[in-house]
Amino acid sequence: MMDVNCSYQEVRAVLADCLDEAEELLSEKSLAEFVEGIELLCMMGRGAEPVLVYMEEAAEIARHTSGKMVYPAAKTAYQISRSPNAAAIVPFLQSLAEISRRLEEPKLLQGYLDIVLEMVERTSISIHGSHATMASPGLIPFLEKAPVLLGELTIGGLKRWMDYGIAQHSHHPDHLAEFFSLESADSRAVMQRERHGTLLVDMERRLDLFELALWKIDASIYPYSRMLDDRSDPRPYYDDKGIFLPDVYDDLDNGISGMDQYRAALAHMAGHRRWTAPVFADNRSPMQRIAIETFEDSRIEYLLMQEYPGLRRIFQALHPVPVEDECDGKHESCIRHRLTMLSRAILDPDHDYRNPDLLEFVQRFFEIMEKGDTTTMDVELLGIQYMARTRTQADALPNVWFKDTEISYRDDNRNLWQFYELDDDADFHVEPTELEETEPDDTLPPRHYPEWDYTTQTYRPDWASVYETLHPSEDAAYIDGLLRKHDRLAKQIKRMLDLLKPQNYQRIRYQEEGTELDLDIAIRSLIDYKTGHNPDPRINISHKHNDRNIAVTILLDLSESLAQPVGNTGQTLLELEQEAVSLLAWAIEQLGDSFSIAGFHSNTRHEVRYYHIKGFSEGWNMDVKGRLAAMGAGYSTRMGAAMRHAAHYLEHQKSDKKLLLVITDGEPADIDVRDEKHLIEDSRMAVRELDQLGIYSYCINLDPKADEYVADIFGNQYSIIDKLESLPEKLPKLFLALTK
């Protein structure tokens with residue numbers, strides 16, 4: 001046995017066996033380096049445990065990467081020991097075997113080791129500013145999550161994820177630990193951004209159109225991470241909130257793209273929404289239920305392919321092909337294997353399965369389907385009969401055969417089952433939570449928007465959560481009273497409107513083709529022709545519409561500061577805003593422009609409230625006036641998120657000009673933001689984003705000190721109203737000037 005300089009008795013007790021195993025895997029040079037690594041870890045004086053873990057993991061490192069990476073692993077552990085992070089040595093060594101399975105190239109594994117050391121250097125805490133004196137709060141969580149992360153990210157993606165976490169949270173130890181343990185929202189969002197494949201966030205708009213055009217379904221689509229989902233089987237699903245799909249699909253080697261996989265999953269769920277009727281699950285065994293689910297999934301896909309035959313190619317490419325008799329039923333339960341073969345046989349007419357029971361039930365399935373007007377109950381009975389025919393004693397074994405049985409595009413069938421105990425017992429009652437009591441019933445699930453971080457010049461992905469709802473309503477007569485109060489001003493605005501109202505048609509002369517003859521030009525051309533000159537052929541007149549084609553969203557800041565009184569008028573700023581917006585809405589309605597009204601306020605990035613007061617499809621009616629009368633003030637002003645959400649609706653309007661008119665009384669601010677410049681810079685970036693969408697943003701600011709920040713956000717696209725009591729008069733006139 002080779003002589004190893006290590007005094008730990010625990011190490012020497014297993015050394016011989018360990019070296020025998022190492023000799024089978026390592027070259028002579030690598031074996032010598034392995035021994036050197038053992039001695040290095042013994043010398044660092046951190047006890048026997050790190051040495052024993054290293055000796056155990058070294059063989060796996062060599063097996064999956066290369067023997068020459070064994071010593072660098074020990075050297076990295078030694079370098080960690082030279083910092084205050086001694087507690088991280090064992091987690092680091094314990095994760096290396098799994099890391100090496102994912103990073104089989106030595107260069108990639110070395111890159112990971114470099115990242116770990118960089119993490120140690122950048123996140124260890126230095127109180128005096130020179131030497132690190134406290135352990136990194138994020139290092140151990142990082143090491144524990146690294147194997148999982150490298151299953152989803154490249155080594156470069158892992159590095160960028162780490163850089164983001166350090167840049168954003170190095171000043172706050174608790175936040176750093178949350179980020180590197182994947183507990184914070186921005187940690188998961190950045191991780192998803194760095195993943196390869198087709199991201200749902202990039203395909204969401206196309207999928208929205210796909211489900212609406214083909215299935216007439218207008219449901220929100222939300223992503224979930226299969227890596228982070230708490231379910232044991234994180235398949236797609238849908239419920240009352242919307243449709244939930246994996247956040248990423250990788251393109252497959254058989255030519256099926258990630259987008260095709262999203263289409264398949266969405267189509268399958270659309271089929272369930274159209275044709276599946278819930279059945280009671282209480283009297284069905286788990287085996288019967290999985291069989292019924294298989295037949296119902298096959299029925300849905302049969303109906304889908306009857307309507308859209310092109311789906312067959314995608315379904316067949318995604319559906320696994322189990323090998324018959326591969327599961328022998330001696331040591332594993334073959335129920336999943338058996339049902340997946342049945343599903344494949346129904347989907348693929350060219351299958352080569354020979355099992356007589358399988359063939360019989362495939363034939364019975366098609367006989368039912370060919371009758372037409374099938375229901376879920378038809379295949380429910382078929383599933384029960386199939387399980388009764390094919391069930392074996394081995395089906396109850398704890399080890400289940402999973403190979404070639406995962407049909408990833410099918411949902412989890414939660415909507416197929418109805419449970420008497422939860423849904424139909426009149427005595428069953430659940431007390432509403434405090435949140436359910438306080439939130440309005442029509443609040444939609446949140447839509448997440450990025451937020452610009454000017455310090456790192458990157459977006460914080462999915463940072464702000466915007467909750468939208470219909471604004472509550474009060475007495476609409478209050479708004480009518482405000483309009484009567486400004487009756488004289490309304491008459492002045494009416495005269496201006498009459499000048500701005502477009503004519504239906506505009507005449508265009510000198511046209512070779514048109515709708516009528518221009519007599520003056522025609523006579524002149526005839527004279528030219530008679531006198532031997534070339535006549536002018538442009539003797540017609542055409543007409544074109546001269547309508548205004550404008551879509552406007554009025555976005556109102558409803559923050560707490562609006563409750564302050566205005567001078568000696570006896571009114572609050574909110575009341576003046578109500579008067580001004582009422583007059584403006586009346587004026588826009590007179591012009592015939594398409595417009596909407598919305599308000600917003602925020603209570604941290606987790607709760608940006610967006611209130612619909614008037615939609616583009618609504619008229620200026622009593623319902624809208626009632627919502628406008630109920631306007632209230634509260635909380636803070638996270639302007640960028642509200643502008644992005646307003647643009648979500650405005651950009652889909654079919655208009656030549658799109659205007660977002662923001663009315664606010666102060667700079668963007670929120671209680672969870674310390675840097676006053678942060679939300680100003682984010683709002684400025686939101687204005688740029690809207691400009692790229694063809695939306696013109698303009699700000700009406702009621703803050704006398706707005707010169708200090710409003711130009712930074714809107715450039716020269718703003719007006720400041722110093723005399724607040726003049727707002728009802730100035731606002732409609734300003735709008736008319738903007739839209740001439």
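1. A disulfide here is a pair of cysteine sulfur atoms within 2.5 Å. By that rule, the structure holds two disulfides. Keep in mind that this is a predicted model.

2. Start with the pair Cys6 and Cys42. Their sulfur atoms lie 2.0 Å apart, and they form a disulfide. The pair ties together distant parts of the chain, 36 residues apart. Cys6 sits in the segment before α1 (9–25), while Cys42 belongs to helix α2 (residues 28–43).

3. The angle about the S-S bond of Cys6 and Cys42 is -80°, and the link is left-handed. Both ends are covered: Cys6 is buried, and Cys42 is buried too.

4. Now take the other bond. Cys327 is joined to Cys334 by a disulfide, with 1.9 Å from S to S. Why is this disulfide called left-handed? The torsion about the S-S bond of Cys327 and Cys334 is about -85°, so the disulfide is left-handed.

5. Are Cys327 and Cys334 buried or exposed? Buried means under 20% relative accessible area. Cys327 has 9% relative accessibility, so Cys327 counts as buried. Cys334 has 10%, so Cys334 counts as buried as well.

6. Check the order of the pairing. Count the bonded cysteines along the chain, and the disulfides follow the pattern 1-2, 3-4. In residue terms, Cys6 pairs with Cys42, and Cys327 pairs with Cys334.

7. What keeps Cys18 from a bond? The closest cysteine sulfur to that of Cys18 is in Cys42, 11 Å away, which is too far for a bond. The cut-off is 2.5 Å. Cys18 is buried, because its relative accessible area is 12%.

8. Cys699 also deserves a look. Its relative accessible area is 1%, so Cys699 is buried.

9. Where does the patch come from? Helix α22 (residues 519–530) gives the largest share, three residues. Leu519 is found in this helix, α22. Leu519 has a relative accessible area of 57%, and is therefore exposed. The cut-off for exposed is over 50%.

Technical notes: Residues are numbered from 1 along each chain as its sequence is written. This is a predicted model: local features need pLDDT of at least 70, side-chain atom pairs count only at pLDDT 80 or more; totals for chains, interfaces and linings use all residues. Side-chain values use heavy atoms; hydrogens and water are left out. Helices (H or I, at least four residues) and strands (E, at least two) are DSSP runs, numbered from the N terminus. Buried means under 20% relative accessible area, exposed over 50%, partly exposed in between (1.4 Å probe, protein chains only).
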